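Let's take a walk through this fold together, one element at a time. Have your viewer ready and follow along.

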Amino acid sequence: MSSTSPTSSGVVLITGASAGLGEEMARQFADLGYDLALCARRTERLDALAAEITARTGRRVETAALDVTDADAVPAVFGRFAESFGAIDRVIVNAGIGKGAALGTGRADANRATAMTNFVGALAQTEAALEIFRRQGRGHLVLISSMSALRGMRKAMTTYAATKAGVAALAEGLRSERIPGVDVSVIYPGYIRSEMNAHVQQKTRFLVDTETGVRSMVDAIEKRRAKAYVPAWPWVPIGVLMRTLPLSVVRKLT
């Protein structure tokens, strides 16, 4: 779906935009004057979000169904968006899942699904985004990692943390390549309320609401930060500790 809109600040493509952090990023980037290319597996929710944003802000919003584990679909969807808008200014690699179990406990399917979505899917999105950016000669690639990427995590978090570490390594490698006209950011969210963690019943230290947490993400993205722990408090100091403390101590923090 689409509509006419006032002068745009640019076009932001967000994957996994039908819920959680992606949904709220879409709202906040629209409020900043961006037009949006939104994709997710659940198109009903995606189209409802697009209608809400367009009615409230007047921004142009286009949507597409996308499973990021479909290697052929990712470049096709990204390419259609680029053709429709004429250019894509920013791609936010956000789609992800949080399934997982301790390795060797009979849930290899859950760990494999997380690896395929969070890392192999992120790789496909990065390939597709950079094809567009290299052709344009400009663009901003944003990869959403996690504070759990800083160290190996235990039990149900082991595979998830490993995939997010892989995402961060992709970003660092691309920054090292210094592709002309292309900025690369990696965002490490701390505990931000979303559908992925809505099932967690116990009180989580430092948990912030979705709107507050995403505002800190959007601010870092707008500043084109190469790397950002968000929200800055308390995750910047925690990030330093996680990288330097012995694993026996890190285990007690997570």
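This is a predicted model: local features need pLDDT of at least 70, side-chain atom pairs count only at pLDDT 80 or more; totals for chains, interfaces and linings use all residues.

Begin with strand S4, which covers residues 90-93. In a regular strand the side chains alternate between the two faces of the sheet. You can see this here: Arg 90 and Ile 92 point one way, Val 91 and Val 93 point the other way, and all are buried.

Now look at the neighbours of S4. Strand S1 (residues 11-15) pairs with S4 in the parallel sense, over three bridges. In this pairing, Val 12 stands opposite Arg 90. Strand S5 (residues 139-144) also pairs with S4 in the parallel sense, here over four bridges. The bridge partner of Val 93 in S5 is Leu 143. To get from S4 to S5, the chain passes through helix H4 (residues 108-136), and this β-α-β crossover is right-handed.

Helix H4 brings us to the helix packing. Two packed helices are described by the angle between their axes and the distance between the axes. For helix H3 (residues 73-85) and H4, the angle is about 35° and the axes lie 9 Å apart. Their crossing is right-handed. On the H3 side, Val 74, Pro 75, Phe 78, Gly 79 and Ala 82 make the contact, meeting Ala 124, Gln 125, Ala 128, Ala 129 and Ile 132 in H4.

One last stop is helix H2 (residues 43-57), where you will find Thr 54. Is Thr 54 buried or exposed? It counts as buried, because its relative accessibility is 18%, under the 20% cut-off. The side chain of Thr 54 also reaches the backbone oxygen of Arg 59, at 3.2 Å.

Note on methods. Residues are numbered from 1 along each chain as its sequence is written. Side-chain values use heavy atoms; hydrogens and water are left out. Helices (H or I, at least four residues) and strands (E, at least two) are DSSP runs, numbered from the N terminus. Buried means under 20% relative accessible area, exposed over 50%, partly exposed in between (1.4 Å probe, protein chains only). A polar contact is a pair of N or O atoms within 3.5 Å; within protein, one must be able to donate a hydrogen and the other to accept it, and residues adjacent in sequence count only if both atoms are side-chain atoms. Two strands pair if DSSP finds at least two bridges between them. A crossover is right-handed if, with the strands pointing away from the viewer, the path from the first strand over the helix to the second runs clockwise. Axes are lines fitted to C-alpha atoms, for helices over the stretch in contact, and angles run from 0 to 180 degrees between N-to-C directions. A crossing is left-handed if the near helix is turned anticlockwise from the far one by less than a right angle, and right-handed if clockwise. Contact means heavy atoms within 4.5 Å.
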